[in-house]
Amino acid sequence: MTITFHGAAGTVTGTKHKLTLNDGRQYLLDCGLFQGLGRDTDDLNHDFGFDPTQIEALILSHAHIDHSGLIPRLVREGFKGPIFCTAATRDLAEILLFDSAEIQTYETEHINKRRARRGQPPYEPLYGPEDVKTALELFLTFEYDEWFTVGRGIKACFTNAGHLIGSAAINIIVEEDGETQRVLFSGDVGRHRSVLLPPPAEPHPADYIILESTYGNKHHDIRFNTIEELQGWINRVCVERGGQLVIPAFSVGRTQEVLYALNQLSLEKRLPDIRYFVDSPLSLKATQTIKQYASQFNERLQQVLAIDDDPFDFPGLSYIETVEESRQLVKYEEPCVIISASGTADAGRVRHHINNILGDPKNGVLLVGFCSARSLGGQLLGGEKEVEIFSDAIEVKAEVGQLPGMSAHGDCDDLCRFVSSQDAEKVRAVFLVHGETETQKAFAAKLELKGFKNVVVPAQHQEVVLTSGSKEAEAA
Ligand SMILES: [Zn+2]
């Protein structure tokens with residue numbers, strides 16, 4: 001068997017890993033869209049590096065677009081196999097993929113204007129809503145901890161990854177040529193102290209581990225209390241200075257965490273009496289879907305549900321749906337909090353709001369998730385005095401900051417804990433994916449100290465042969 005890394009290699013986006021059995025059958029783990037890599041992004045998304053018609057099946061860890069966003073493209077290019085995931089992942093992927101199809105159409109127009117200026121032929125949109133519909137017919141859902149057959153001699157089981165409702169680590173057992181090999185793909189690993197979700201479940205023992213490494217060299221600061229910090233920001237920006245606070249947040253997962261924190265403040269009668277807006281139609285749909293899976297929330301949230309039937313809604317909160325309403329909100333001048341996507345501020349309606357408030361020191365931009373240095377969020381956090389939005393240079397005068405400790409990704413300790421039940425001696429290799437190269441080097445050293453002997457940071461499209469134990473013994 002071989003594994004090839006067709007995305008999330010030295011970067012945190014475009015997750016796609018391909019297992020190829022000795023008889024040539026190919027299976028894909030995740031099929032994510034590349035985002036925010038500047039000019040490289042379009043080319044990476046237009047070339048899988050493999051033939052989609054040759055893929056037998058896809059196993060999907062969770063619904064986030066950097067893991068699911070190229071599924072409709074895979075289907076458009078001829079993939080016809082089953083797509084295995086949990087039920088919540090399927091429901092969230094449906095919302096996210098239709099939204100992504102709309103964005104593809106819109107963005108391709110912009111990309112093609114640029115390509116025309118360079119004398120390059122136009123790109124077609126990566127996919128449209130009809131490709132999403134076709135893809136959704138291929139989804140097959142399974143519960144956590146339920147083994148299912150992926151193909152002849154290959155079975156898999158989802159264990160809860162605690163990163164997003166429905167998120168899973170994928171445990172795979174391959175039997176071929178009289179040998180058994182076990183592969184664990186972490187997907188994205190959540191935190192042991194998640195606001196909404198239970199801690200990641202213990203995965204099954206593995207010979208090979210494909211492990212995310214987003215925060216492989218970082219410790220989330222747990223001295224800070226998210227709710228207190230959030231209240232501090234709202235008091236300072238909106239109450240004391242009369243400004244507006246813009247919170248860029250991913251529509252699925254992070255927005256609900258922020259709403260939950262605001263709801264807590266509201267329940268405790270500590271929430272300042274101003275307007276709160278969620279400007280993302282996607283967030284409204286995602287919140288409704290996530291509520292359908294309330295039984296998967298952690299114990300603390302179950303207790304909240306006993307006294308509050310809607311932990312994501314509170315007096316003063318409004319959802320903005322249409323583009324026209326969003327434009328009106330840009331003109332709103334009263335103190336308020338605006339939660340809008342995307343989380344890195346690279347795309348979506350939040351750019352209009354940031355553009356609108358950035359030049360006034362009474363306002364604030366509060367980032368609540370991972371932002372790579374190249375993203376607009378990353379540039380703001382890096383202290384840039386001027387940033388480019390919609391091709392204009394905008395002076396940064398508003399207060400910019402980050403909510404420490406709020407993340408759907410586990411930190412170094414969470415990742416180590418995720419693999420702590422593995423027998424490091426028996427694990428033949430750990431492949432670090434979904435991280436930036438410098439982070440991965442530091443994390444690799446840490447894992448080696450814990451006894452994992454062969455920690456590899458694969459390059460894009462790199463293929464690795466997974467040898468079984470007896471074959472190595474034979475070679476020796
Ligand atoms: Zn994710």
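What follows is a set of questions and answers on the labels used for this model.

Q: What kind of model is this, and how are its residues numbered?
A: The model is predicted, so local features need pLDDT of at least 70 and side-chain atom pairs count only at pLDDT 80 or more, while totals for chains, interfaces and linings use all residues. Residues are numbered from 1 along each chain as its sequence is written, and side-chain values use heavy atoms, with hydrogens and water left out.

Q: What makes a residue a donor of the zinc ion, and which ones are they?
A: A donor is an N, O or S atom within 2.8 Å of the metal (3.2 Å for Na, K and Ca), and since water is not among the atoms, sites may look incomplete. His 62 (NE2), His 64 (ND1), His 163 (NE2) and Asp 188 (OD) lie 2.2 to 2.3 Å from the zinc ion, and they are its protein donors. Along the chain they follow the spacing H-x1-H-x98-H-x24-D.

Q: Why is the site of the zinc ion called irregular?
A: Four donors count as tetrahedral if all angles lie between 85 and 135 degrees; four count as square planar and six as octahedral if opposite donors are over 155 degrees apart and all others between 65 and 115; anything else is irregular. Here the angles among the four donor atoms run from 88 to 173°, and the site comes out as irregular.

Q: How do you know whether His 62 and His 64 are buried or exposed?
A: Buried means under 20% relative accessible area, exposed over 50%, and partly exposed in between (1.4 Å probe, protein chains only). His 62 has 0% and His 64 has 16%, so His 62 is buried and so is His 64.

Q: How many disulfides does the structure hold, and what keeps Cys 371 from having a bond?
A: A disulfide is a pair of cysteine sulfur atoms within 2.5 Å, and the structure holds zero. The closest cysteine sulfur to that of Cys 371 is in Cys 238, 20 Å away, so it is too far for a bond. Cys 412 is in no disulfide either: the nearest cysteine sulfur, that of Cys 416, is 4.5 Å away.

Q: What makes the pairing of Arg 73 with Glu 124 a salt bridge?
A: The term needs a side-chain nitrogen of Lys or Arg within 4 Å of a carboxyl oxygen of Asp or Glu. The closest N and O atoms of Arg 73 and Glu 124 are 3.3 Å apart, so the pair qualifies. Arg 73 lies in helix 3 (residues 71-76) and Glu 124 in the loop between helix 4 (87-117) and helix 5 (129-136), so the bridge ties together parts 51 residues apart in sequence; helices (H or I, at least four residues) and strands (E, at least two) are DSSP runs, numbered from the N terminus.

Q: Which other residue forms a salt bridge with Arg 73, and how accessible are the partners?
A: Glu 77 does, with its closest N and O atoms 2.9 Å apart. Arg 73 is buried at 8%, whereas Glu 77 is partly exposed at 29%.

Q: What joins Thr 287 to Gln 256?
A: A polar contact is a pair of N or O atoms within 3.5 Å; within protein, one must be able to donate a hydrogen and the other to accept it, and residues adjacent in sequence count only if both atoms are side-chain atoms. The side chains of Thr 287 and Gln 256 have such a contact at 2.9 Å.
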